[in-house]
Amino acid sequence: MKLNAFTWIIVTLAVTAWVFILPLEAVATILVLQLVLLLYIKRSKTMLAAIGGLGVFTGMMVLLQLLFGSPLNVSLFGGLRMLVMTLAFLCMLATTRIQSIAKALVDRFHLPVEYAFMLTAALRFVPNFLEDSSITLDAQSCRGYSNRGNALKRLLSYVVVIRPLVMRAVAKSETLALSMELRGFGANTYKNMPKEPLTMVDFVVLVIVVVLSTYPFWKKVLPV
């Protein structure tokens with residue numbers, strides 16, 4: 001059953017705290033549940049690429065910590081924490097509409113409409129930016145672009161890709177600003193959206209969040 005956007009936001013924020021208060025076994029269990037959920041929701045090449053990219057980035061962070069002298073267990077646990085926190089946001093975005101997230105931020109968290117829209121617009125621009133970068137790279141390749149050579153030459157060669165990509169992003173932002181003005185963007189932007197009440201499943205999930213979030217407290221109170 002689908003969870004409310006408010007519940008997903010609470011769960012995502014709670015996961016970012018759990019990785020620091022729960023033991024390693026619990027954090028690893030959360031990681032397994034996240035992967036199962038993501039693959040159950042959408043088993044596509046895009047999802048697998050996103051998970052794989054996060055895994056590679058986590059491995060690079062672990063290696064970086066090892067190079068700076070951190071112990072192996074500390075580096076692995078730090079990489080696991082970062083991966084779980086990132087996948088929590090990915091799970092929320094994969095299961096909840098961005099408009100519902102913005103409405104929950106405005107109605108239940110009383111976040112100003114402007115800040116809620118900036119957050120959701122940034123999330124919406126990420127996949128568009130990645131798609132534009134792929135299109136720009138293909139277009140420049142047809143014109144003879146090549147990123148071969150040493151690291152410095154590759155870095156300098158990316159200028160021909162970054163410039164049109166930035167210009168395209170600026171043009172899209174101007175179009176978005178114009179459309180917002182024409183549609184009367186303001187305090188009543190999300191008022192006309194239908195309300196999504198909390199269901200029994202939402203309350204059960206919120207109770208679980210409270211129990212896990214108070215783990216350090218009841219661990220001391222309850223006998224071992």
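Reply: Val-19 counts as buried because its relative accessibility is 0%, where buried means under 20% relative accessible area, exposed over 50% and partly exposed in between (1.4 Å probe, protein chains only). The model is predicted, so local features need pLDDT of at least 70 and side-chain atom pairs count only at pLDDT 80 or more, while totals for chains, interfaces and linings use all residues. Residues are numbered from 1 along each chain as its sequence is written, and side-chain values use heavy atoms, with hydrogens and water left out.

Val-19 lies in helix H1; helices (H or I, at least four residues) and strands (E, at least two) are DSSP runs numbered from the N terminus. With neighbours within four places in sequence set aside, Val-19 is in contact (heavy atoms within 4.5 Å) with Val-27, Phe-77, Arg-81, Val-84 and Met-85. The C-alpha atoms of Val-19 and Leu-83 are 9.9 Å apart, with a sequence separation of 64 residues.

Under the same exclusion of neighbours within four places, Trp-18 is in contact with Val-27, Ile-30, Val-209, Leu-212 and Ser-213. Trp-18, Val-27 and Val-84 have the most contacts inside the largest nonpolar core, which has 36 residues. Such a core is a set of buried Ala, Val, Leu, Ile, Met, Phe, Trp, Tyr and Cys residues joined through side-chain atoms within 4.5 Å. Elements giving two or more residues to this core include H1 (5-21), H4 (72-95) and H9 (200-213), and H1 supplies the largest share, nine residues.
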